[in-house]
Amino acid sequence: QKMPPSLPATINIREPRWDQSTFQGRAKHFFMVTDPRNLLLSGATLEEARRVVEDYRAGTVHPGLTEDQLWRAKYIYDSAFHPDTGEKMILVGRMSAQVPMNMTITGCMLTFYRTTPAVLFWQWVNQSFNAVVNYTNRSGDAPITPSQLGTAYVSATTGAVVTALGLKSLTKHLPAIIGRYVPFAAVAAANCINIPLMRQRELKLGIPVTDENGNRLGESTAAAQKAIFQVVVSRIGMAAPAMAIPPVIMNMLEKKAFLKRYPYLNAPLQVGLVGLCLVFATPLCCALFPQKSSMPVSSLEPEVRDQIRKKDPWLETVYFNKGL
């Protein structure tokens with residue numbers, strides 16, 4: 001006699017555990033997705049999570065599997081595998097790497113902002129990291145060519161460096177606190193260049209749009225534009241607290257005797273403060289817009305709208321993965 005499965009095969013693990021129509025539900029979801037501890041998981045743990053998730057989606061429930069274990073496996077799987085292609089993502093490009101990587105890079109950008117070589121170096125490091133993240137978390141399953149990758153990388157790096165150096169020269173005669181905000185302006189400008197360029201294929205060819213049940217209806221460039229705009233806003237929002245709050249605190253601390261006596265603590269303190277901001281800013285800004293974004297069929301470009309109307313004349317809304 002077969003043992004009954006410990007879990008019904010009806011839990012929808014294609015969707016997050018929490019209600020994604022609310023900001024709170026999205027925030028809980030992204031606190032799990034961006035958890036830096038996921039980076040420490042072994043390859044065997046990731047593969048086991050993949051096996052549990054894929055078997056469950058295929059209707060096979062592992063004996064003794066509990067609902068909590070199933071959701072844990074789903075979040076491990078989501079942290080390491082691309083939602084559209086299913087391929088294992090580059091380690092530093094995963095959302096769980098955002099906090100440790102950004103806290104180190106941003107902390108150093110805010111610490112070493114006074115000299116031109118330091119500005120050049122840290123803006124280059126930041127854009128190299130951004131290029132990896134944007135490529136890893138692109139929406140859809142469309143490949144990106146090496147020349148497109150190179151163009152996006154060079155353009156964003158140039159944009160960030162030009163903005164940083166231009167603003168640095170403008171703020172020479174202004175209070176020191178103003179100079180501390182130059183890295184943020186450069187990062188915001190670079191995000192506006194890097195993300196659309198890194199995802200230019202989506203802007204040209206569109207991203208997959210589906211109905212509520214995930215049935216693919218076509219590719220839309222209008223959906224790609226909306227997706228990329230939302231990601232740019234989220235990324236700038238993510239950087240804002242980490243690049244706006246620590247400079248104020250550091251400006252006050254540098255006037256105290258403590259930091260004058262121990263100047264080598266400047267960089268570690270800055271990195272720590274940035275990390276503290278990013279632990280909260282990263283998931284909360286990822287949660288600004290639903291991952292499975294939607295738009296009315298009437299807002300799609302005419303040819304895609306007509307194509308969908310032929311398949312389903314009554315369909316009102318389409319869905320797409322906006323990327324991260």
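Residues are numbered from 1 along each chain as its sequence is written. Because the model is predicted, local features need pLDDT of at least 70 and side-chain atom pairs count only at pLDDT 80 or more, whereas totals for chains, interfaces and linings use all residues.

Points are joined across faces, edges and corners, and a volume is the space filled by probe spheres set on the points. The count comes to 4 cavities of 30 Å³ or more. The largest cavity has a volume of about 170 Å³. Its lining (residues with an atom within 4 Å of a point) comprises 15 residues, of which Asn102, Asn130, Val187, Arg235 and Ala239 are the closest to its centre. Two or more lining residues come from each of α4 (98-111), α5 (116-136), α8 (182-198) and α10 (221-253), helices being DSSP runs of H or I with at least four residues and strands runs of E with at least two. Helix α10 gives the largest share, 5 residues.

Strands β1 (residues 207-210) and β2 (residues 216-220) pair in the antiparallel sense over 4 bridges; pairing requires at least two DSSP bridges. The two strands form a hairpin with 5 residues between them, and Gly214 in the turn has a positive phi of about 85 degrees.

An unreviewed UniProt entry lists residues 227-249 and 269-289 as "transmembrane region"; such annotations may be inferred rather than shown by experiment. Residues 227-249 are 100% helix, with end C-alpha atoms 35 Å apart. Residues 269-289 are 86% helix, with end C-alpha atoms 32 Å apart.

How values were computed: Heavy atoms only, no water. 1 Å grid on protein atoms, 1.4 Å probe; cavity = no way out; pocket = protein on both sides within 12 Å on 5 of 7 lines; lining within 4 Å.
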